[in-house]
Structures are given as structure tokens and as C-alpha cells.
Amino acid sequence: MKTPSTALVLLSGGQDSTTCLAWALERFKKVKTLTFDYGQRHRVEVEQAGRIAKLAGVEQELMKIDLFSELSRSALTHHQLEVKAGEDGQLPTTFVPGRNLIFLSLAAMKAYQLGIRDIVTGVCQTDYSGYPDCREEFVRSLEQTTSLAMDTQFHFHAPLMRLSKADTVKLMNELGHLDWLKESHTCYEGRRPACSKCPACILRLKGFKEAGIIDPLEVES
Ligand SMILES: [Zn+2]
């Protein structure tokens, strides 16, 4: 039985948010998607998000945010900086401070406008690069804050929060939409298939390997 309401899925075009889209379609009567174009170095991600929304047959809204490069020195928004994993308790160079704070707040504003109360995000605190705004505690806190701010009870769903990358691959397999992952984009350098060198690609490849499932992106079509 599906919940008779509409959910808004934050669709980046990555593997996690694509899995969240399939998850939401199982649970909600109607699903809409929201994609942010924030000047990310892997621009192809935005295009892929559009392809995935089309494959899933859902509406996609594209929202442009121009401020991120001014507000942070992240390698994601400053293309000349090197992508590096965090060492000695440091955050990776791809960390954009406050990114999920802004994304989820804007999603809540959009949801409010559309009369939607359920928002689905692919954030995950397992297997991740230590981004503080991927933690459960943060998501619950912002759910409460946006609900108070708009005097509306929002529900922030983070179905991947405690899953490893391998578990996420298995979940997508169970949901029956593994093929959508062919269109999902991971590489920080914009490469397709995965470059196998950047931290994001390493995580992706490891996840598929551990799940014992072949990444459809790696298969020649
Ligand atoms: Zn890569």
C-alpha cells in the first residue's frame, strides 16, 4: 500500500539519490524531484539527473544556486582545487560547508509551495567522507527547524542513512531499477564510467564489488 501523498525527492543525479527516487516511488502515490545546479565541477551530474527523472517518469524541477562558489573554497565549486580525501581528521576538499542545510531548506520551501510534506534525501552517515551535514542528528534537527519555521510538520526521509554503499546497491537491485544506475553519475572529475581514482568513484566501485553486483555503468552498451 502506497502512502496517498506526494513526496519531493532531492535528485542530484548520483547513485544515492537515484536509489532514493526508486524507494520513494514504491512508497508514495506521487513523486516529484528537485535538482540543484550549484556550479558543481561534475556538471554532467545535472544532465544525468534529467535523464533519470525521465526514465522514472517523474517531474523534475531544476533550481540554480549561484552563491556556493562565493561562500566556500571547496574543490566541488572551485575547479582548480584538487579533490582529496580527508586525512588526520580533516574534512575532504570536496566539502561544501552548509550545502545540505541549504538544499534541504530550499526543498522545504519548494515543498511548502507545492503542499508537499514528505521530503526524501539520499544523505548517508555510513561509508561517507565525514560530512557533518550527512548525519542523522543534523537531518532530524533541520526537520524540526523547518517545521517550526513554516509552522508545518515536514517529514525528512533519509532511507540510506545507515546503509553501506553495498547495501544501497542491493536495495536498488531489490527495488528492480538497477538499470537506472547506468545513468547515475559519481565521478568528481566528470568521467563516465567511474575513473576509479577519485574518492567518489572508489566508494562506488567498492560498493558494487562488495554487493557482488555488476555496475550497469561499467557495462558497454
Ligand atoms: Zn572519479
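Student: What covers the buried residues of α6?
Tutor: The cover includes α1 (15–27) and α7. Contact here needs C-beta atoms, placed from the backbone, within 7 Å. Buried needs 20 or more other C-beta atoms within 10 Å of a residue's own; exposed is 12 or fewer, and partly exposed lies in between. Helices (H or I, at least four residues) and strands (E, at least two) are DSSP runs, numbered from the N terminus.

Student: Before we go on, what kind of model is this?
Tutor: This is a predicted model, where local features need pLDDT of at least 70, side-chain atom pairs count only at pLDDT 80 or more, and totals for chains, interfaces and linings use all residues. Residues are numbered from 1 along each chain as its sequence is written.

Student: Back to α6. Which residues are buried?
Tutor: Lys165, Thr168, Val169 and Met172 are the buried ones in α6. Down the helix axis, they fall within an arc of 100°, so they line one face of α6. That arc is taken from the directions between the helix axis and the C-beta atoms.

Student: How do α6 and α7 pack?
Tutor: At an angle of about 65°, with the axes 7 Å apart. Axes are lines fitted to C-alpha atoms, for helices over the stretch in contact, and angles run from 0 to 180 degrees between N-to-C directions. The α6–α7 crossing is right-handed.

Student: What comes just after α6?
Tutor: Gly176, with a positive phi of about 85°. The C-alpha atoms of Gly176 and Trp23 are 10 Å apart in space, though the two residues are 153 apart in sequence.

Student: Where is Trp23, and is it buried or exposed?
Tutor: Trp23 sits in helix α1. Trp23 is buried, with 24 other C-beta atoms within 10 Å. Setting aside neighbours within four places in sequence, Trp23 contacts Pro159 and Leu175.

Student: New topic. What is the strand order in the sheet?
Tutor: β3-β2-β1-β4-β5, an open sheet of five strands with parallel pairing. Pairing takes at least two DSSP bridges between two strands. On average, neighbouring strands are turned by 25° against each other, direction ignored.

Student: How many bridges join β1 to β2?
Tutor: Six, and the two strands run parallel. Leu10 stands opposite Leu34 in β2. On the β4 side, three bridges join β1 (residues 3–10) to β4 (residues 118–120), also parallel. There, Leu8 stands opposite Ile119.

Student: Why is β2 called largely enclosed?
Tutor: Seven of its ten residues are buried, so the rest of the structure largely encloses β2.

Student: Which strands does α2 lie across?
Tutor: Helix α2 (residues 44–56) lies across β2 (28–37) and β3, at about 165° to β2. Glu47 is in α2. Glu47 counts as partly exposed because it has 14 C-beta neighbours inside 10 Å. Its C-alpha is 9.9 Å from that of Thr35, twelve residues away along the chain.

Student: And α4, which strands?
Tutor: Helix α4 (residues 99–114) lies across β1, β2, β3, β4 and β5, running at about 140° to β1.

Student: What about Asp151?
Tutor: Asp151 has a positive phi of about 50°, and is not a glycine either. Asp151 lies in the loop between α5 (136–150) and β5 (155–157). With 7 C-beta neighbours inside 10 Å, Asp151 is exposed.

Conventions:
Contact = placed C-beta atoms within 7 Å. Left-handed = near helix turned anticlockwise from the far one by under 90°.
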